[in-house]
Amino acid sequence: MKIALRWVPPSPLKLQPFAILVICMLALAAPFHMRSVTADGDDRLANQPRSEYQARRRKLMQQIKDGIVVLIGTREEDLGEVPRFRQKNDLMYLTGVETPAASLILIPPGLISNEGPIETVFIPARNKGHEQWTGFQVGPGAEGEQKFGVQEVAPSNLFNDRLTKLLLAPPFKAADSSQQPQAKLYTIVPRGYTAAITRENQFVESVRKLAPNVVIVDVSPLIGELRKVKSVPEIELLQKAIDITGEAQRDAARTVKPGVYEYEVQGALEYAFTRNGAERPGFASIVGSGIYSTVLHYNENRRKIASGDLIVVDIGAEYSYYTADITRTYPVAGKFTPRQREIYQLVLEAQRACEKAFKPGETTIGQLQQVAIGVMKASPVRDKQGKTLERYFTHGLGHWLGMDVHDVGSYGKIPVGAVFTIEPGIYIPDEQLGVRIEDDYLATDKGLIKLSSKIPSDPDAIEALVSRARPPHTR
């Protein structure tokens with residue numbers, strides 16, 4: 001169930017001087033209306049200014065001139081009774097509207113009439129009885145328009161009628177049966193094996209029944225390219241999520257010891273998420289010890305940790321819809337064995353080589369992966385059969401990071417403003433030994449900023465974290 005919460009402003013960020021300089025330069029380069037924020041924070045939606053969302057809608061409409069955009073949001077019944085309500089990312093990115101059962105229609109200028117762009121958010125009318133269960137909700141009309149900075153906020157019960165009238169308007173009608181309509185409908189077209197059961201698919205099918213000649217276009221790639229390049233407020237939220245995750249990694253390291261269960265480490269780190277203001281984990285926390293350190297997405301977290309194990313802790317706090325993704329590998333005994341340390345050092349060297357190889361506007365994540373593989377091939381460290389260890393690097397080097405842990409956007413040259421991970425790893429099941437080191441980076445025109453630089457990864461620092469353990473574990 002949702003509870004109405006009071007917004008607590010984030011604590012000041014502690015960035016590297018270079019990071020502060022870059023963020024300030026990006027902020028100064030932004031239009032003034034994107035930087036104006038009222039002193040009391042009233043114009044903020046999920047810790048970002050209303051003007052951020054307005055600018056995103058304008059950018060999308062600049063690319064779509066031949067159709068309307070329709071997005072539908074999360075309903076409370078989609079989540080059941082247990083999870084805290086969370087809006088769908090694309091709708092949230094464009095509107096900042098967290099109201100359940102919200103939807104959005106964007107109409108580019110001149111498509112339907114001679115008017116400029118038309119933007120309408122639809123939300124349910126207020127129900128004071130329901131609000132006793134879920135907390136205060138903003139209502140349609142002037143109240144919602146002021147809150148969300150949208151031209152019109154209409155009641156949800158008008159959505160179907162409005163959409164029907166649009167789809168039956170002249171731009172959506174073909175001159176004859178041999179032609180396609182002039183206008184298109186851009187919406188989320190789900191793909192994959194679960195697509196058929198999604199609410200988006202139900203919406204698409206209902207449109208096809210209502211207006212079978214209307215061309216439906218997946219808007220996801222266009223929104224994905226917008227989301228790939230982060231604004232200053234987005235970078236600030238990612239930094240906050242990363243800093244919270246760093247605190248969680250420290251608590252995880254201090255909990256690790258022989259005889260503790262993986263879920264106890266998970267409990268400690270997820271408590272740190274909540275204690276520091278995160279709303280939820282950005283993904284299922286991975287706490288894998290022993291043989292499970294070699295399982296990439298292991299998240300059962302039920303094993304008793306044994307002395308001599310390595311434990312891989314891959315976690316990310318979500319703060320105001322933006323998630324971190326940080327992995328550290330700890331020696332349960334407090335010290336790496338010589339074999340564990342040489343593997344760990346090799347993974348760390350591969351990551352550092354990737355950092356140095358980055359060239360603004362030129363490098364792809366795929367190219368950086370080849371750098372990491374090259375470091376592993378060139379190393380004298382071998383497996384028991386005398387083979388080099390790149391064969392045990394069994395996943396991609398990294399991914400975009402943002403509202404999704406594996407964020408959206410096409411892969412090519414890394415653009416300025418993108419945030420992504422560099423996470424080499426080596427996993428040797430025969431030795432029950434897995435090491436992954438993952439950090440989060442901002443691409444700038446001067447190079448990379450390691451947003452997670454405050455989270456130790458040097459092997460001596462890792463051992464020091466584990467050695468600062470709590471009193472002996474008792475039962």
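**Pairs and packing**

Q: How close do the side chains of Glu205 and Arg208 come, N to O, in their salt bridge?
A: Glu205 and Arg208 meet in a salt bridge with an N to O distance of 3.1 Å. The term means a side-chain nitrogen of Lys or Arg within 4 Å of a carboxyl oxygen of Asp or Glu. This is a predicted model, in which local features need pLDDT of at least 70, side-chain atom pairs count only at pLDDT 80 or more, and totals for chains, interfaces and linings use all residues. Residues are numbered from 1 along each chain as its sequence is written, and side-chain values use heavy atoms, leaving out hydrogens and water.

Q: Where do Glu205 and Arg208 lie?
A: Both lie in helix H9, residues 199–210, three residues apart, about one turn of the helix. Helices (H or I, at least four residues) and strands (E, at least two) are DSSP runs, numbered from the N terminus. The chain has 15 helices and 19 strands.

Q: Which residue forms a salt bridge with Arg162?
A: Side chains of opposite charge can pair when their charged atoms come close. Here, Arg162 pairs with Glu152, and their closest N and O atoms are 2.7 Å apart. Arg162 is partly exposed at 30% relative accessibility, and Glu152 is partly exposed with a relative accessible area of 25%.

Q: Which parts of the chain does the pair of Arg341 and Asp460 link?
A: Arg341 and Asp460 form a salt bridge, with the closest N and O atoms 2.9 Å apart. The pair links distant parts of the chain: Arg341 sits in helix H13 (residues 338–357) and Asp460 in helix H15 (residues 459–467), 119 residues apart. Arg341 is partly exposed at 27% relative accessibility, and so is Asp460 at 47%.

Q: How many salt bridges does the structure hold?
A: There are 31. Some residues are linked in a network of salt bridges: Asp90, Arg227, Lys230, Asp404 and Asp407.

Q: At what angle do the axes of H8 and H9 cross?
A: Two packed helices are described by the angle between their axes and the distance between the axes. H8 and H9 have axes that cross at roughly 50 degrees and come within 11 Å. That makes H8 oblique to H9. Axes are lines fitted to C-alpha atoms, for helices over the stretch in contact, with angles from 0 to 180 degrees between N-to-C directions. Under 35 degrees is roughly parallel, over 145 roughly antiparallel, 65 to 115 roughly perpendicular, and the rest oblique. In this pair, Phe159, Leu163, Thr164 and Leu167 of H8 and Phe203, Val207 and Leu210 of H9 make the contact (heavy atoms within 4.5 Å).

Q: How far apart are the axes of helix H3 and helix H10?
A: Helix H3 (residues 50–63) and helix H10 (residues 220–228) have axes 11 Å apart and pack at an angle of about 135 degrees. H3 and H10 are therefore oblique to each other. Arg56, Lys59, Leu60 and Gln63 of H3 meet Leu222, Ile223 and Leu226 of H10 in this contact.

Note on methods:
Buried means under 20% relative accessible area, exposed over 50%, partly exposed in between (1.4 Å probe, protein chains only).
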